[in-house]
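Student: Please take a close look at a single part of this chain. I would also like to see how that part sits within the whole.

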Amino acid sequence: EDELVIKTLEIVKRYTPYARYNTELHSIDKNKNHPLDLGDYDVLAFSPGKNIILNIECKDILPAFCPKDAKRLRETIFGKDNNDEGHFRQINKRRDYLSLHLLEIAQALKWPIDVNNLPKIVTIYLTRMTYWWTKFPAKDVKAVFVQVDMLSKLIESL
């Protein structure tokens, strides 16, 4: 998964110099105002030309070999029931926090964000391979599923 994050960063840096990986907000803020339990943003980037922030979660998921594996994979990504969000518990938490604290995060990262024209946040769930559940999500999530090979095409289309 670390190699997937590094490859994702390489791709994103083709489009913007404002890209960071494994970013823990409490580590970049001198005042330590950000929560410790937020975790890290695998790849976080700002594209001034497109006025978007890319919030990319990289997951190297093992393929399903039988129906039981497929169910496990679906539950890992989306959760077991409506109270369990699976991977999206932390992804949603980081996305929501980013949108609420965008200006102070941008300032800490030294990103040139126009306060009069705030960027759109695009959350991406990036995988090495495409799976059934990334093509046909089990739940409506506020994320774009993309295979690493298609990341450049997605960024260009935004």
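Tutor: The chain has seven helices and five strands, where helices (H or I, at least four residues) and strands (E, at least two) are DSSP runs numbered from the N terminus. In sequence order the pattern reads α-β-α-β-β-α-α-α-β-α-β-α. The radius of gyration is 16 Å, close to the 15 Å that the globule rule gives for 158 residues, so the chain is as compact as a globular protein of that length. That radius is taken over C-alpha atoms, and the globule rule is 2.2 Å times the number of residues to the power 0.38. This is a predicted model, in which local features need pLDDT of at least 70 and side-chain atom pairs count only at pLDDT 80 or more, while totals for chains, interfaces and linings use all residues. Residues are numbered from 1 along each chain as its sequence is written, and side-chain values use heavy atoms, with hydrogens and water left out.

Of the 158 residues, 44% count as buried, meaning under 20% relative accessible area with a 1.4 Å probe, protein chains only; exposed is over 50%, and partly exposed lies in between. Contact means heavy atoms within 4.5 Å. Of the contacts with a separation of 6 or more, 62% are between residues 24 or more positions apart.

Thr 134 counts as buried because its relative accessibility is 9%. Leaving aside residues up to four places away in sequence, Thr 134 touches Thr 127 and Phe 145.
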